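Subject: Structure handover

Hello,

Here is the structure I promised to pass on to you. Please have it open while you read, as my notes follow below.

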Amino acid sequence: MPSGPELAEGERLSKGSPSSPFRRRDYSLFWVAGAVDGLGTCASALFLPLILLGAGYSSGLAGLVASVALVSGLVVSPVAGVFADRLPRKPMMYTAALVAAGAMGSVFVTVALGHVVLLHVLVAAVVEQAASATYGAAASGTIRRLVPPEEYPRAIGYLQARDQAVQIVGPTLGGVLYQAARWVPLLADAVSFLLVAVLSRAIRADLTPVRETTAPSFARELADGLRFVWAHPFLRFVVVWTAGVNALLGALYFHAVFASHAEGASPSSIGLILTLAGVGGLLGALAAPWLVRRVAAPRIVTGASWVMVPTAAGLAYASQTWAYGLLLSGVSLIVPSVAVVLQTRAVLVTPDGLLARMGTVLGTAGQGVAALAPVLAGVLVAAYGGRTVAWGCAGAFAALALYATARSALVVREVP
């Protein structure tokens, strides 16, 4: 239970009357920068393997480039978190964006000239992912400087809605650009990073972290971030719950794709599954601030955890792509409210000088296990069948829901 200054802050939150965070110039710039970044990345990332295939490289090498790039981002993220808690965050953000623009710009030039070299594409993709991870680490520590505490839930909800919208629009935009010419998505990505750098540079708020002490070494600071998260009961709960949900949802998404393909569904029908899930996530993110203000935080977390159990079980008996899409859309609808609750409290309980490290630890834990979902789902569906996998996920969700129920006292309502 919170006490002292933390409880006082929670009391102020409950009495606050939050206004729209978009009325704050710096938050609007930050929001737009993230939207531009996401659209540019989605426009190019999905089509970079196609560019390699078109240049005569094998699908295995194209997949290797994508995997190595993603892993490099996961590796760099915790390291970048240390620097984001040491250095002024705004220069980190726009410098990282400029580096990413240079990397993707170089690939655009070579593709436009017709000289695609695998090693160059690999290095550029790794640099772009590392720069994006650095930008994300610095950005994760900014929300406290952009809006007051009573606006955290709404501000975080709008950030989630932005990301969900980008995931829906981005691939379609990339497809349209790719049809124009295969180098156009790469140009769009490079230009988007330049815009991100300009928007980040225009933020007026001082984003420099406030630090009480400085650890004697880089390794010590990295360890301090990990130790802080794991030593704090609430943050430890967030790590376990987020990692578990990300892994299981990823497995269910790919289970739906693999099962639909095995049943003869067309690519457009399979795409409908992801579209419906994305729309559900967008609606859930938009509704999350409203729901968080009206329902006790522990009820949101435990309720959402239990609702996922019958949803996973329902996937065991789904046979149409629209049924898969609706079930996954239902899950995507409720998860954003939990994310708003957990992220808001995580910001409140973390000192400013540890915000970036806290954010990168939570993000890396969630993304790391999610990266295993495609392989896990593919192996299990092939070995045991889709129905068995869905029931296994339902059982795992039940265990996670029991854990959330047992630890619900940690989720103190500290949001308006």
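Before anything else, a word on terms: contact here means heavy atoms within 4.5 Å. With that in hand, Val301 touches Phe237, Trp241, Val338, Val341, Leu342, Ala404 and Val411, leaving out residues up to four places away in sequence.

Some housekeeping next. This is a predicted model, in which local features need pLDDT of at least 70 and side-chain atom pairs count only at pLDDT 80 or more, while totals for chains, interfaces and linings use all residues. Residues are numbered from 1 along each chain as its sequence is written, and side-chain values use heavy atoms, with hydrogens and water left out.

The overall picture

The chain has 17 helices and zero strands; both are DSSP runs numbered from the N terminus, helices being H or I with at least four residues and strands E with at least two. Of its 416 residues, 49% count as buried. Buried means under 20% relative accessible area, exposed means over 50%, and partly exposed lies in between (1.4 Å probe, protein chains only). Among contacts between residues at least 6 apart in sequence, 89% join residues at least 24 apart.

The cores

A nonpolar core is a set of buried Ala, Val, Leu, Ile, Met, Phe, Trp, Tyr and Cys residues joined through side-chain atoms within 4.5 Å. The largest one has 86 residues, and Trp241, Val301 and Leu342 have the most contacts inside it. Domain 1 (19–206) and domain 2 (216–415) each give at least three residues to this core; the domain bounds come from an automatic or database domain assignment. A second, separate core has 21 residues, among them Leu52, Val121, Ala131 and Ala190.

The cavity

How many cavities of 30 Å³ or more does the structure hold? There is one, and the volume of the largest cavity is about 30 Å³. On a 1 Å grid over the protein atoms alone, a cavity is a set of points where a 1.4 Å probe fits but cannot get out, and lining residues have an atom within 4 Å of a point. Grid points are joined across faces, edges and corners, and the volume is the space filled by probe spheres set on the points.

The lining of the largest cavity consists of Asp37, Ala96, Ala97, Ala100, Ala131, Ser132, Tyr135, Phe193 and Val196. Helices H5 (89–113), H6 (118–139) and H9 (184–201) are the elements that give two or more residues to this lining. By class, the lining has seven nonpolar, one polar and one charged residues. For that count, Ala, Val, Leu, Ile, Met, Phe, Trp, Tyr, Cys and Pro are nonpolar, Asp, Glu, Lys and Arg are charged, and the others, Gly among them, are polar.

Individual residues to look at

Val127 sits in helix H6 and is partly exposed at 31% relative accessibility. Setting aside residues up to four places away in sequence, Val127 touches Val99 and Ala103. Its C-alpha atom is 9.4 Å from that of Gly102, 25 residues apart along the chain.

In the loop between H5 and H6 you will find His115, which is exposed, with a relative accessible area of 54%.

Leu333, in helix H14 (residues 321–349), is partly exposed at 40%. Beyond its neighbours within four places in sequence, Leu333 is in contact with Gly280, Gly281, Leu283 and Gly284.

Finally, Leu274 belongs to helix H12 (residues 267–294) and counts as partly exposed at 46% relative accessibility. A C-alpha separation of 9.6 Å lies between Leu274 and Gln167, which are 107 residues apart along the chain.

Best wishes

Methods. 1 Å grid on protein atoms, 1.4 Å probe; cavity = no way out; pocket = protein on both sides within 12 Å on 5 of 7 lines; lining within 4 Å.
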